[in-house]
Amino acid sequence: MSTLIEQAHSREWFYSYDLPDGSSTSTYHDAEIHAIHNTRWQMLQSYLDRNLGADRSGLTALDLASHQGWFAVNMVRAGFASVLGVDARQSHVDDSTLISDIFQMDQLSFQQGDIHDQSPDQLGQFDVVLMLGLLYHLENPVGALRICRSLCKDLCIIETQIVPGMTGFVDYGSYQYVRPLKGSFGIIDEMDDTHGPEASVTGICMVPSLDALLWILEKVGFSKATVLEPPADAYEQLRYHKRVMVAAHV
Ligand SMILES: C[S@@+](CC[C@H](N)C(=O)[O-])C[C@H]1O[C@@H](n2cnc3c(N)ncnc32)[C@H](O)[C@@H]1O
């Protein structure tokens with residue numbers, strides 16, 4: 001029977017994990033992919049440090065779209081008492097469970113599920129909810145943000161691709177009834193990509209503008225939403241505002 005580390009080396013990885021025997025998991029993307037993960041963790045960790053303090057021993061976290069568990073593992077290392085990861089793809093749940101077994105992290109668990117089907121009745125509520133790299137793969141982003149709010153006790157971190165926004169006014173039924181645009185969505189076609197490990201599961205992707213995201217976060221019940229500043233050496237998409245990380249507070 002193969003060891004857990006041998007099992008890890010027989011699989012393909014989105015993240016490079018440093019394993020206890022000194023080896024690392026090899027990734028199916030080139031080395032550039034590490035920059036996007038490292039920048040996002042740096043931004044997230046710095047916001048947690050500034051807002052939650054050092055003692056997280058009483059805090060819980062939920063990682064929506066946990067993929068192969070890298071952010072959930074980092075949350076355990078950052079001191080959270082328990083972390084649950086949920087992902088639509090069972091293969092990711094299997095891979096991240098293998099990683100938590102290798103690292104012997106009892107605080108960590110993973111389960112399969114579509115974000116649109118999650119509810120506080122089943123999962124409970126969490127001090128911190130992460131939704132990184134997911135919103136722009138969804139056909140119902142507003143519903144997903146409502147679910148994030150319902151699962152969140154304190155802080156939700158959303159990291160997403162955004163699209164350039166339209167602004168202006170619309171004759172809404174008649175010229176006598178003019179409404180301002182609050183933001184806009186771009187539709188991206190992932191219909192041929194749904195087999196991909198990072199992709200949408202339905203192929204219809206509604207990507208918000210930043211105005212849309214911030215307006216919707218307030219309307220689904222967050223009291224405050226702040227766009228986090230990327231560091232000077234951030235991965236290009238974050239540095240040039242093609243993606244944003246937003247901290248939404250209950
Ligand atoms: C771009 S990856 C992001 C993974 C990770 N959160 C990160 O930021 O590195 C998108 C992830 O969303 C998952 N996913 C796609 N649609 C989903 C859905 N409707 N519900 C839950 N997870 C979904 C995919 O399986 C994949 O793991």
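A residue counts as buried if 20 or more other C-beta atoms lie within 10 Å of its own. This cut-off is used throughout the report, which describes a predicted model.

**The chain as a whole**

The chain has 250 residues, of which 36% are buried. Its secondary structure comes to eight helices and eleven strands. The C-alpha atoms fill a box of roughly 75 × 40 × 40 Å along the principal axes. For a chain of 250 residues, a compact globule would have a radius of gyration near 18 Å, and the 19 Å found here agrees with that.

**Helix H3**

Helix H3 covers residues 70-77. The helix is mostly covered, with six of its eight residues buried. These are Trp-70, Phe-71, Ala-72, Val-73, Met-75 and Val-76. The elements that cover them include helix H2 (33-52), strand E1 (60-64), strand E4 (126-132), and also E2, H4 and E3. Just after H3 comes Gly-79, with a positive phi of about 105°.

**Helix H4**

Helix H4 runs from residue 90 to residue 102 and has 13 residues. From its first C-alpha to its last it reaches 18 Å, close to the 18 Å expected at 1.5 Å a residue. In H4 the buried residues are His-92, Val-93, Asp-95, Ser-96, Ile-99 and Ser-100. Seen down the helix axis, they fall within an arc of 165°, so they line one face of H4. Their cover includes helix H3, strand E2 (82-87) and strand E3 (108-112). After H4 comes Gln-104, whose phi is positive, near 50°.

| Helix | Residue after the helix | Phi |
|---|---|---|
| H3 | Gly-79 | about 105° |
| H4 | Gln-104 | near 50° |

**The ligand site**

There are 16 residues around the ligand, and those that come nearest are Ala-65, His-67, Ala-88, Leu-132 and Gly-133. By type, the residues of this shell divide into seven nonpolar, five polar and four charged.

Methods. Residues are numbered from 1 along each chain as its sequence is written. This is a predicted model: local features need pLDDT of at least 70, side-chain atom pairs count only at pLDDT 80 or more; totals for chains, interfaces and linings use all residues. A residue is near a molecule or strand if its C-beta atom, placed from the backbone, lies within 6 Å of it. Ala, Val, Leu, Ile, Met, Phe, Trp, Tyr, Cys and Pro count as nonpolar, Asp, Glu, Lys and Arg as charged, and the others, Gly among them, as polar. Helices (H or I, at least four residues) and strands (E, at least two) are DSSP runs, numbered from the N terminus. The expected span of a helix is 1.5 Å times one less than its number of residues. A residue is buried if 20 or more other C-beta atoms lie within 10 Å of its own, exposed if 12 or fewer, and partly exposed in between; C-beta atoms are placed from the backbone. The arc is that of the directions from the helix axis to the C-beta atoms. Two residues are in contact if their C-beta atoms, placed from the backbone, lie within 7 Å. The radius of gyration is taken over C-alpha atoms; the globule rule is 2.2 Å times the number of residues to the power 0.38.
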